[in-house]
Amino acid sequence: MRAFFILILLILATPLRADPLAAAGQPGAILLMRHAIAPGTGDPAGFRLDDCRTQRNLSAAGQAQARAIGARLAEAGITFTQILTSEWCRARDTARLLNLGPVTAFPPANSFFSTRQDEPAQTAAILAHLDALPPQARVLIVTHQVNITALTGIVPQSGETLVVRRSAQGLQLVGRLPPP
């Protein structure tokens, strides 16, 4: 009998975790997605934003990963008020391959891996943009690890999506959608 009561107490004390896919479909959900698989780190010397040939780009596996993520979100019936992306080719290509709707370039989501001094202004610009949206707006931002880490303190995998909500303390993690 004592074991039964201990089991009940453990069940009651265990916090319920929201299904991250269900949370992603809720009004007001913000999805922060790290671009799909693009082998390497940072960008090559001579990198130019206007020339994808000078950048680190999605591999074939990254392209397939982006399509699979988009299919999973579409199958769940999740639509977005806005889909925003970094101007880096690997992020733009990920956003496009998701095939979830129109994609808008959003410079505050650009990587600051090589220009760490840009982090405070870019992070503030993302938060200000989100704060200006109606509370029920559902937004997807395809960006980079450094940006997501600055916003949440979490280091996501390639293709991982964090589901967050706005709160008085900033962005609150609701769930994590692992990459396929």
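## Overall layout

The protein has six helices and six strands, where helices (H or I, at least four residues) and strands (E, at least two) are DSSP runs numbered from the N terminus. Reading from the N terminus, the elements go α-α-β-α-β-α-β-α-β-α-β-β. This is a predicted model, so to speak of local features pLDDT has to be at least 70, and side-chain atom pairs count only at pLDDT 80 or more, while totals for chains, interfaces and linings use all residues. Residue numbers start from 1 along each chain as its sequence is written, and side-chain values use heavy atoms, with hydrogens and water left out.

The C-alpha trace spans about 70 × 35 × 30 Å along its principal axes. Of the 180 residues, 42% are buried (under 20% relative accessible area; exposed is over 50%, partly exposed in between, with a 1.4 Å probe and protein chains only).

## The sheet

The six strands make an open, mixed sheet in the order β3-β2-β4-β1-β5-β6; two strands pair if DSSP finds at least two bridges between them. β3 (104-105) and β6 (170-177) sit at the edges with a single partner strand each, so one side of each has no neighbour in the sheet.

Further in, β1 (residues 30-34) runs parallel to β4 (residues 139-143), paired over five bridges. Met33 stands opposite Val142 of β4. Helix α6 (residues 145-152) lies across β1, β4, β5 (161-167) and β6, at about 140 degrees to β1. Contact here means heavy atoms within 4.5 Å; axes are lines fitted to C-alpha atoms, for helices over the stretch in contact, with angles from 0 to 180 degrees between N-to-C directions.

## Two loop residues

Phe80 belongs to the loop between α3 (60-75) and β2 (82-85), and with a relative accessible area of 15% it is buried. Setting aside neighbours within four places in sequence, Phe80 touches Leu31, Leu73, Leu100, Arg138, Val139 and Leu140.

Asn99 is in the loop between α4 (89-98) and β3. Asn99 counts as exposed, at 66% relative accessibility. Its phi is near 60 degrees, a positive value in a residue other than glycine.
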